[in-house]
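User: I am new to reading protein structures. Could you take me through one, feature by feature?

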Amino acid sequence: MTDDTPTIIVHPDLDLTAVGIASRLITHLVERQSVTHPLHVSLTGGGLGTAIWPLMATHPLAPAVDWTGVHLWFSDERFVADSDPDRNDRAVLTQADVLGIPPDNIHRIPGPDQVPDIQVAAQQYARRLAEWAHTFNMTHVDTRTRDNPSSDAENPSNPTPLPAPWFEVSLLGIGPDGHVASLFPGSTQVSIDTCCVVPVTDSPKPPAQRVSFTRPLLARCDQLWMLAAGSGKAPAVSRALAGDDPVRTPAAGLRGRTRTLWFVDADLAQALS
């Protein structure tokens with residue numbers, strides 16, 4: 001069985017944390033493409049989640065990635081127009097041409113200029129995920145099934161309870177309050193485990209309307225990478241690592257199937273210790 005104990009990787013400062021994440025992601029994609037195709041990656045917003053994209057565009061290994069075989073998804077998005085600079089997907093779109101990412105491989109959550117309301121946006125994104133539900137690699141599935149034969153989610157002989165692709169990597173930021181994606185402490189969406197995508201109409205951070213992955217979908221991955229920097233996030237990170245109640249700390253208890261990595265800067269690590 002895989003050890004699900006998180007590994008904490010400390011970098012000297014915020015900028016070098018972003019550099020480390022970008023470098024590891026590029027390297028991971030190059031390595032995994034030799035055995036898995038296509039690769040699905042779940043992306044996050046926030047400072048670190050957006051800072052990695054210009055760094056990846058200039059990474060010397062970036063040309064070695066076959067981006068035609070990498071599909072990018074967004075674990076949450078603000079319900080604003082496609083051209084709004086506050087959208088999480090803008091960081092990817094800005095570097096897409098440089099990296100050579102096909103537009104069809106960037107799976108964007110629709111905004112109010114495309115759909116009438118937030119509920120329809122969530123429904124459409126759920127349908128898009130379902131269209132790719134069959135593409136997770138069967139070799140990986142067999143390994144997971146051998147380790148955990150009772151798990152329907154990874155057992156090809158049983159229907160998967162989440163109609164979505166299997167993510168090679170799921171990147172997640174964590175807020176000072178412990179929120180992940182757009183799942184905030186005390187919200188009803190934190191406890192939803194019967195679907196992939198939920199509309200959020202009362203986000204405490206503006207804008208109030210958002211679309212978010214549910215917690216089960218956030219953890220539907222081989223590797224879960226949590227990104228955090230700054231001493232102000234130490235209480236939330238500490239609660240998450242200690243296995244707090246997810247209703248209080250939505251980041252708590254999330255694990256990747258094979259690895260869970262926390263990328264933090266020295267200020268945060270020192271505050272934790």
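Analyst: Start with an angle. Axes are lines fitted to C-alpha atoms, and angles run from 0 to 180 degrees between N-to-C directions. Keep in mind that this model is predicted.

User: At about what angle does α4 run to β6?

Analyst: α4 runs at about 165° to β6. The helix lies across β6 and β7.

User: What is the overall make-up of the protein chain in helices and strands?

Analyst: The protein chain has eight helices and nine strands. Of its 273 residues, 53% count as buried. The chain exposes about 11400 Å², and carbon and sulfur atoms supply 53% of that area. Residues 24 or more positions apart account for 76% of them in the protein chain.

User: How do I read a sheet?

Analyst: Strands of a sheet pair through backbone hydrogen bonds, either parallel or antiparallel. Here is a case. An open sheet of three strands has the order β4-β7-β6, with antiparallel pairing.

User: Which strands are the edges of that sheet?

Analyst: β4 and β6 (197–200) are the edge strands, as each pairs on one side only. Neighbouring strands of this sheet are turned by 15° against each other on average, direction ignored.

User: How many bridges join β4 to β7?

Analyst: Three bridges join them, and the two strands run antiparallel. β7 covers residues 210–213.

User: Do β2 and β3 run parallel or antiparallel?

Analyst: They run parallel, joined by five bridges. β2 spans residues 39–43. Look for Leu39, which stands opposite Val70 in β3. Between the two strands, the chain passes through helix α2 (residues 46–57). This β-α-β crossover is right-handed.

User: How do I read the two faces of a strand?

Analyst: In a regular strand the side chains alternate between the two faces of the sheet. Now look at β3. Val70, Leu72 and Phe74 lie on one side, His71 and Trp73 on the other. All of these are buried, and both faces of β3 are covered.

User: Why is β3 described as largely enclosed by the rest of the structure?

Analyst: Buried means under 20% relative accessible area. Five of the five residues of β3 (residues 70–74) are buried, so the strand is largely enclosed by the rest of the structure.

User: What about charged side chains?

Analyst: Side chains of opposite charge can pair when their charged atoms come close. This structure holds nine salt bridges. One of them joins Glu168 to Arg32, with the closest N and O atoms 3.0 Å apart. That pair links distant parts of the chain: Glu168 is in strand β5 (residues 167–173), Arg32 in helix α1 (residues 14–32), and they are 136 residues apart.

User: Is Glu168 buried or exposed?

Analyst: Glu168 is buried, with a relative accessible area of 5%.

User: Which residue forms a salt bridge with Asp89?

Analyst: Arg108 does, with the closest N and O atoms 2.8 Å apart. Asp89 sits in the loop between β4 (76–78) and α3 (90–99), and Arg108 in the loop between α3 and α4 (118–131). Asp89 is buried, with a relative accessible area of 0%. Arg108 is partly exposed, at 26%. Salt bridges that share partners join Glu77, Asp82, Arg87, Asp89 and Arg108 into one network.

User: How far apart are the closest N and O atoms of Arg239 and Asp244?

Analyst: They are 3.6 Å apart, and the two residues form a salt bridge. Asp244 is buried, with a relative accessible area of 18%.

Definitions and conventions: Residues are numbered from 1 along each chain as its sequence is written. This is a predicted model: local features need pLDDT of at least 70, side-chain atom pairs count only at pLDDT 80 or more; totals for chains, interfaces and linings use all residues. Side-chain values use heavy atoms; hydrogens and water are left out. Buried means under 20% relative accessible area, exposed over 50%, partly exposed in between (1.4 Å probe, protein chains only). Helices (H or I, at least four residues) and strands (E, at least two) are DSSP runs, numbered from the N terminus. Two strands pair if DSSP finds at least two bridges between them. A crossover is right-handed if, with the strands pointing away from the viewer, the path from the first strand over the helix to the second runs clockwise. Contact means heavy atoms within 4.5 Å. Accessible areas come from the Shrake-Rupley method with a 1.4 Å probe; for residues, only the protein chains shown count as cover. A salt bridge is a side-chain nitrogen of Lys or Arg within 4 Å of a carboxyl oxygen of Asp or Glu.
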